[in-house]
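Please walk through this fold with the model open beside the text.

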Amino acid sequence: MKGHRPLYPGLVVEGVSDAPFLGTLITRQLDELLLARAPGPVAVHPCELSDRMITGSGTAEEVAEAAWELARECHLIFVHSDEKERGTAEKLTAQLRERARGTKSAEPVALVPVRMTESWMLADREAVLRSIAGAKPAAYPYKSPAAVEKAHNSPEHPAYAKRVWQTIAGTGHGGVLDDSMELLARHIDLELLSQLPSYQRWLADTEDALITKGFL
């Protein structure tokens, strides 16, 4: 928009199925943060995706190089992984930060939900039931947002986040499922998400990055 300072975010995801939810969520959360705290108007552009993912998309060097190419075009770049790959995401974040010294490249931010992306996707029961066609309340086992992040390590556990999500929404990637993930990201309650410790950490790191780049 005319007169608005543009902000270009980038995203490196662990896997292809993470992008529809996280890309939309990042843009929405940035919009809310900047509307509340920025000294002037900011136009947040849609999240640009790296063409390499953390896993299954080339060597670590190829992933890092693709992330760097994206970072050169953005203000912030988010590096996502599930909890089990936290070390990989944090290593890439550190590499990008070191490489960006003395340049105008993006400030990197690690984005690591506890357990997996589904832990964030399932935090708001009402948004899940509204966004996923045919979702049944009985398939949702959590009593509170915080319960989503509790340690359910076994895929056989009825509250294992990926298993719950697959029961509610199905498996795979693309088409209607991607549309449902994007719809969920548009409607999920950000205040409920902020009750999750891993989301609180990401939000604080994002605020620091926005300060570093002069947006806050």
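What follows takes the structure one element at a time.

This is a predicted model, in which local features need pLDDT of at least 70, side-chain atom pairs count only at pLDDT 80 or more, and totals for chains, interfaces and linings use all residues. Residues are numbered from 1 along each chain as its sequence is written, and side-chain values use heavy atoms, with hydrogens and water left out.

Start with the sheet. Four strands form an open sheet in the order β4-β2-β5-β6, with parallel pairing. The edge strands are β4 and β6 (107–111), and each pairs on one side only. Strands (E, at least two residues) and helices (H or I, at least four) are DSSP runs, numbered from the N terminus. Two strands pair if DSSP finds at least two bridges between them.

Now look at β2, residues 9–12. Strand β2 pairs with β5 (residues 76–80) in the parallel sense over four bridges. Its pairing with β4 (residues 48–49) is also parallel, over two bridges. G10 shows both links: its bridge partner in β5 is I77, and its bridge partner in β4 is E48. L11 has F78 as its bridge partner in β5. Both faces of β2 are covered. P9 and L11 are buried on one side, G10 and V12 on the other. Buried means under 20% relative accessible area, exposed means over 50%, and partly exposed lies in between (1.4 Å probe, protein chains only).

Next comes helix α2, residues 60–71. For the 12 residues of α2 that gives 16 Å, and the end C-alpha atoms are 16 Å apart, which agrees. The buried residues of α2 are V63, A64, A66, A67, W68, L70 and A71. Their cover includes β2, β4, β5 and α3 (86–100).

Turn to the charges. A search of the whole structure finds 11 salt bridges. A salt bridge is a side-chain nitrogen of Lys or Arg within 4 Å of a carboxyl oxygen of Asp or Glu.

One of them joins the side chains of R86 and E90 at 3.2 Å, N to O. Both residues lie in helix α3, four residues apart, about one turn of the helix. An α-helix has 3.6 residues a turn, so residues three or four places apart point the same way. R86 is buried because its relative accessible area is 18%. E90, at 32%, counts as partly exposed.

Another salt bridge joins R97 and E107 at 3.3 Å, N to O. This pair links distant parts of the chain: R97 is in helix α3 and E107 in strand β6, 10 residues apart. R97 is partly exposed at 35% relative accessibility, while E107 is buried at 16%.

K162 and E118 also meet in a salt bridge, at 3.1 Å, N to O. Here K162 sits in helix α7 (residues 161–169) and E118 in helix α4 (residues 117–121), 44 residues apart, so the pair links distant parts of the chain. K162 is partly exposed at 29% relative accessibility, and E118 is buried at 8%. Salt bridges that share partners join E83, R86, E90 and R201 into one network.

Finish with the nonpolar cores. A nonpolar core is a set of buried Ala, Val, Leu, Ile, Met, Phe, Trp, Tyr and Cys residues joined through side-chain atoms within 4.5 Å. Of the 53 residues in the largest one, F21, W120 and L122 touch the most other members. Helix α1 gives the most to this core, with eight residues. Not counting residues up to four places away in sequence, F21 touches T117, W120, M121, M181, L184, A185 and I188. A second, separate core of 18 residues includes L70, V79, L92 and L96. In soluble globular proteins, nonpolar side chains tend to be buried together.

How values were computed:
The expected span of a helix is 1.5 Å times one less than its number of residues. Contact means heavy atoms within 4.5 Å.
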